Amino acid sequence: MSESLAARLTSLAEPLAESLGLKVWGVEIIGQGVPVVRFFVDAHPDISLEADEDPAEDSIIMQGTESQGGVSIGQCEKLSRMLGLALEVEDLFSSRWTLEVSSPGLERTFFRLDQLASYIGRELDITLFQAPDAWYGRRHFTGILEKLDGESLILRIAEENRLAEQPETVSLAWENVRRARLVHHFPEPGKKNGSQQKKGRKANTLKEKPAEVEHESGIEENH
């Protein structure tokens, strides 16, 4: 997806998302022919709206959002309808398309370097375009985010995931990152107390049912 198209889609979605108390986390387009246009949205930290009239619809909160309030399925459905109409009016695609709107999820993908600032100390999964020096063609890294350094991120690699002569940390230029996502670890069954185990099971259940609504050339399908 070109940067110009990503920017146009983001600009189109941002005011619509904010009207629902949401912010656009990222946009991606998958496939050719009939592309899937996928918007990821988070609860907006600076906008608080009153609950919708249908409490049953909006009480189901998606996991993996930055705000404690989360993103509801109802919000995703409403934003999807609004975006579907806006995309038809703007006519940004020459062919048919499918629209999806959901929360970023527990293992969110990062679309900008500044989004990583809140995840220092967390584990990331990184895929690169080109392998860095001293890593013998390696383009995939999993490690702990140590810090951001200018336009690069510093990743600490566990000893078992590197050769003895390789450094403990690696500096990765953001322009060389093909994909970066958060690695989430669910609580292990039988550990901690019962309340924590219960939360872990709930997260698994909701993660399997993302809030998505699809549009195909103006035809809406609610799942």
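Author: A residue is termed buried under 20% relative accessible area, exposed over 50% and partly exposed in between, with a 1.4 Å probe and protein chains only. The model is predicted, so local features need pLDDT of at least 70 and side-chain atom pairs count only at pLDDT 80 or more, while totals for chains, interfaces and linings use all residues. Residues are numbered from 1 along each chain as its sequence is written, and side-chain values use heavy atoms, with hydrogens and water left out.

Reader: What is the average pLDDT of the protein?
Author: pLDDT is the predictor's confidence in each residue, from 0 to 100. A score of at least 70 is reached by 74% of the residues, and the protein averages a pLDDT of 81.

Reader: How many contacts beyond four places in sequence does the model have for residues 194-213?
Author: A contact means heavy atoms within 4.5 Å. Over residues 194-213 pLDDT stays under 50. For this stretch, the contacts beyond four places in sequence number 35.

Reader: How many helices and strands are there in the protein?
Author: Helices (H or I, at least four residues) and strands (E, at least two) are DSSP runs, numbered from the N terminus. By this assignment, the protein has four helices and twelve strands.

Reader: Which residue just after helix 3 takes a positive phi?
Author: Within helix 3, the buried residues include Ile73, Cys76, Leu79, Leu83 and Leu87. Just after the helix, a positive phi of about 55° is taken by Asp91.

Reader: Which residues of strand 5 are buried on each side?
Author: Five of the five residues of strand 5 (residues 98-102) are buried, so this strand is largely enclosed by the rest of the structure. In a regular strand the side chains alternate between the two faces of the sheet. Both faces of strand 5 are covered, with Thr98, Glu100 and Ser102 on one side and, on the other, Leu99 and Val101.

Reader: Which residue in strand 5 stands opposite Val36?
Author: Two strands pair if DSSP finds at least two bridges between them. Strand 2 (residues 36-43) and strand 5 run parallel and are joined by five bridges. Opposite Val36 stands Thr98.

Reader: Which strands form the edges of the open sheet of five strands?
Author: The order in this sheet is 9-8-7-6-10, with antiparallel pairing. Each edge strand pairs on one side only; the two are strand 9 (169-173) and strand 10 (177-182).

Reader: Which residue of strand 7 is the bridge partner of Ile126?
Author: Strand 6 and strand 7 (residues 140-149) are paired in the antiparallel sense over five bridges. The bridge partner of Ile126 in strand 7 is Phe141.

Reader: What distance separates the C-alpha atoms of Ala158 and Glu168?
Author: Ala158 is in the loop between strand 8 (152-156) and strand 9, and is partly exposed, with a relative accessible area of 30%. Ala158 and Glu168 are ten residues apart along the chain, and their C-alpha atoms are separated by 7.2 Å.
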